[in-house]
Amino acid sequence: MHAPIKFSMTADVIEVGSWPDFARGCEQDGFDALMVPDHPGSFAAPFVALAAAATATETIRLGTNVINAGMWEPFLLAGEVATLDLVSGGRALFGIGAGHTPAEWTMQGRAHPSAAHRVSRMIEVTDATRRLLAGETVTFDGDHVRLRDAVLTRPRPVQEPVPVLVGGNGNRVLRYAAETADIVGFSGLGRTLADGHNHETRWRLDQIDAQVEIARTAAEKAGRAPAFEALVQHVQITDDAEAVCARFAADAPTTSAAELLTAPYVLIGTVDELVAELRGHQKRWGFDRFVMRAPARAAGAQLLAALGSSES
């Protein structure tokens, strides 16, 4: 018997039509979680969107994929997460990352920090937010975060604790995620390109092996077993995967068609091929969770149905 594979959906509220209908549809399709990105100026405010989804659904988990830690202070962030957990009846999933898009800093008249700075801030914000959600009174003097007798008296979250996803690509982020988070989110992405939004890919098998080994080793040393999740950039059900991958690779200069056929970050093939591929990713790397984007909802629903049949 295979361990279950779960899919989450990450969506831009503005692009999916009726947001309540979309949220209900994801729940009915069997997606484990509905996630919203955090890109101020380009996407809807995440916690407002998730609270709206909470009123339209009953069981699907609701979370951020992922909060840009550079945009938030822990005290305010803890209040948002706790409120979402309260209004959703205990379905919040707190996803956080270091942030990468330069404009999100420069549009506010701030310098875009270095990667090391962004990761350090993410760690401090995450640690402090989790302590506040746990009901602690927090006094903290870090390089990026300062709190004085801070306590989240109300609202209190329903879940104890609220599950945490830490997403990213750097070695330090992966180690921290493996040591502390419930879900390690592998983005499969590298350096941000000159446009400030897109990235180099890290989709070769040896690159994925190396990143997963970093997280596995850190988790084992910490005596933990977090879930591993891959962020899927494209899903397409087709009976000519090689041709589709060749076309896709032509528009993705940092990857190749061969990498697209084997990486967990792109799923292209027949339903049966993709079920086998997903099982292979689970066996090789321990990926038992996959995040898909809104255009892949119908394909994801097909795969969930096929996975369910193969597990029964």
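I started with Arg289, which is buried because its relative accessibility is 5% (buried means under 20% relative accessible area, exposed over 50%, partly exposed in between, with a 1.4 Å probe and protein chains only). I kept in mind that this is a predicted model, where local features need pLDDT of at least 70 and side-chain atom pairs count only at pLDDT 80 or more, while totals for chains, interfaces and linings use all residues. Residues are numbered from 1 along each chain as its sequence is written, and side-chain values use heavy atoms, with hydrogens and water left out.

What does Arg289 pair with? I found a salt bridge to Asp32, with the closest N and O atoms 3.0 Å apart (a salt bridge is a side-chain nitrogen of Lys or Arg within 4 Å of a carboxyl oxygen of Asp or Glu). The pair links distant parts of the chain: Arg289 sits in strand E15 (residues 287-293), Asp32 in the loop between H1 and strand E2 (33-36), and 257 residues separate them. Helices (H or I, at least four residues) and strands (E, at least two) are DSSP runs, numbered from the N terminus. Asp32 is buried too, because its relative accessibility is 18%. I then saw that Asp32, Arg61, Glu229 and Arg289 are linked in a network of salt bridges.

**Other salt bridges**

I noted 10 salt bridges in the structure. As a reminder to myself, side chains of opposite charge can pair when their charged atoms come close.

Asp29 bonds this way with Arg297, the closest N and O atoms being 2.6 Å apart. This pair also links distant parts of the chain, from Asp29 in helix H1 (residues 19-29) to Arg297 in helix H11 (residues 297-311), 268 residues apart.

Arg204 and Asp206 form another salt bridge, at 2.9 Å from N to O. Arg204 counts as partly exposed at 38% relative accessibility, and Asp206 counts as partly exposed at 44%.

**Helix H1**

I listed the buried residues of H1: Trp19, Phe22, Ala23, Gly25, Cys26 and Glu27. After H1 comes Gly30, with a positive phi near 100°.

**Val291 in E15**

Back in strand E15, I checked Val291. Is Val291 buried or exposed? Val291 is buried, because its relative accessibility is 1%. Leaving aside neighbours within four places in sequence, I found Val291 in contact (heavy atoms within 4.5 Å) with Ser8, Thr10, Asn65, Glu229, Ala230, Leu231 and Val232. Val291 and Phe31 are 260 residues apart in sequence, yet 9.5 Å apart in space, C-alpha to C-alpha.

Next I turned to helix packing. The axes of H5 (residues 115-133) and H6 (residues 171-180) come within 10 Å and cross at roughly 15°. Axes here are lines fitted to C-alpha atoms, for helices over the stretch in contact, and angles run from 0 to 180 degrees between N-to-C directions. H5 and H6 are therefore roughly parallel to each other (angles under 35 degrees count as roughly parallel, over 145 as roughly antiparallel, 65 to 115 as roughly perpendicular and the rest as oblique). Ala116, Val119, Ser120, Met122, Ile123, Thr126, Asp127 and Arg130 of H5 make the contact with Arg172, Val173, Tyr176 and Thr180 of H6. I sorted the residues of this contact into six nonpolar, three polar and three charged (Ala, Val, Leu, Ile, Met, Phe, Trp, Tyr, Cys and Pro count as nonpolar, Asp, Glu, Lys and Arg as charged, and the others, Gly among them, as polar).

H3 (residues 74-87) packs on H5 at an angle of about 50°, with the axes 9 Å apart. That makes H3 oblique to H5. Here Pro74, Phe75, Leu77, Ala78, Val81 and Ala82 in H3 meet Val125, Ala128, Thr129, Leu132 and Leu133 in H5. The residues of the H3 and H5 contact divide into 10 nonpolar, one polar and no charged.

I looked for cis peptide bonds and noted Asn65 to Val66, with omega near -10°. Val66 lies in the loop between strand E3 (61-64) and strand E4 (67-68). The bond from Arg154 to Pro155 is cis as well, with omega near -5°, and Pro155 sits in the loop between strand E7 (146-150) and strand E8 (164-168).

Last, I checked Asp149 in strand E7. Asp149 has a positive phi of about 50° although it is not a glycine, and it counts as exposed at 59% relative accessibility.
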